Amino acid sequence: QLSCLVKMVTLHGIPKDLDSYPKDLLLFLSPSDYAATGSCRQYFANIGKANLDVLQRESSQRKQLLLEALACLKIPGTQVNEENADILGRLVCDLGGEYIKSSGGNLLKQLSQCESFLPDQEEAIRSVISSGNTTFGPPVAWSAFTLNELSGLIPVFDHSILQKIPK
């Protein structure tokens with residue numbers, strides 16, 4: 001339905017008020033389509049707020065979106081800073097374990113919004129959390145607020161992390 005709606009909306013060219021359309025609609029446009037109305041950074045900031053699960057997790061379309069986002073944001077290696085993590089939004093759910101590990105805690109807030117994780121992502125999240133080198137600090141210093149911020153990641157925590165969290 002969304003891809004059909006995109007065809008109708010763009011029938012006479014890309015509308016100038018594209019930002020006012022539902023974010024999910026943008027999933028079916030390319031950054032080059034959007035370029036007429038804004039920057040690729042703005043496009044991916046909007047995509048990051050969309051419901052990515054409209055596209056299948058391992059679909060080529062979703063993989064392509066992530067590759068284009070990384071290129072647009074000029075992320076050279078696997079380290080994503082906090083500013084780029086905010087722009088990527090829900091797209092971080094598709095980043096592999098190597099990105100999660102080398103980005104430290106920069107991705108945790110966005111990762112906590114993900115529906116599910118692949119095994120290498122889970123392992124990387126546990127590794128980052130266990131290191132304590134995040135803005136949240138080590139699990140022994142966490143408060144109820146911290147757990148609330150990371151609530152989407154709790155199912156990934158193993159016994160060694162859970163036992164360190166204060167009652």
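Biologist: Which residues does Leu-153 touch, not counting residues up to four places away in sequence?

Modeller: Leu-153 touches Leu-108, Leu-111, Ser-112, Phe-117 and Ile-125, where contact means heavy atoms within 4.5 Å. This is a predicted model in which local features need pLDDT of at least 70 and side-chain atom pairs count only at pLDDT 80 or more, while totals for chains, interfaces and linings use all residues. Residues are numbered from 1 along each chain as its sequence is written, and side-chain values use heavy atoms, with hydrogens and water left out.

Biologist: Where is Leu-153 placed, and is Leu-153 buried or exposed?

Modeller: Leu-153 lies in the loop between helix 10 and helix 11; helices are DSSP runs of H or I with at least four residues, numbered from the N terminus. Leu-153 counts as buried because its relative accessibility is 0%. Buried means under 20% relative accessible area, with a 1.4 Å probe and protein chains only.

Biologist: Which residues of the largest nonpolar core touch the most other members?

Modeller: They are Phe-44, Ile-47, Leu-88, Leu-91, Leu-95, Leu-111 and Ile-125, in a core of 44 residues. Such a core is a set of buried Ala, Val, Leu, Ile, Met, Phe, Trp, Tyr and Cys residues joined through side-chain atoms within 4.5 Å. Helix 5 gives the largest share of this core, five residues.

Biologist: What is Ile-47 in contact with, leaving aside its neighbours within four places in sequence?

Modeller: Ile-47 contacts Leu-26, Leu-27, Leu-52, Leu-65 and Leu-91.

Biologist: Turning to aromatics, how many aromatic pairs does the structure hold?

Modeller: There are two. Rings of Phe, Tyr and Trp (its six-membered ring) pair if their centres lie within 6.5 Å; planes under 30 degrees apart count as stacked, over 60 as edge-to-face and the rest as tilted. Tyr-43 and Phe-44 are edge-to-face, at 4.8 Å centre to centre and 75 degrees between the planes. Trp-142 and Phe-157 form a tilted pair, with 5.6 Å between centres and 45 degrees between the planes.

Biologist: Why does Trp-142 count as buried?

Modeller: Trp-142 counts as buried because its relative accessibility is 5%.

Biologist: And Arg-62, which side chain does its side chain make a polar contact with?

Modeller: The partner is the side chain of Asp-94, at 2.7 Å. A polar contact is a pair of N or O atoms within 3.5 Å; within protein, one must be able to donate a hydrogen and the other to accept it, and residues adjacent in sequence count only if both atoms are side-chain atoms. Arg-62 is found in helix 5 and counts as buried, because its relative accessibility is 3%.

Technical notes. Buried < 20%, exposed > 50% of the residue type's maximum accessible area, 1.4 Å probe, protein only. Helix = DSSP H or I, 4+ residues; strand = E, 2+ residues; numbered from the N terminus.
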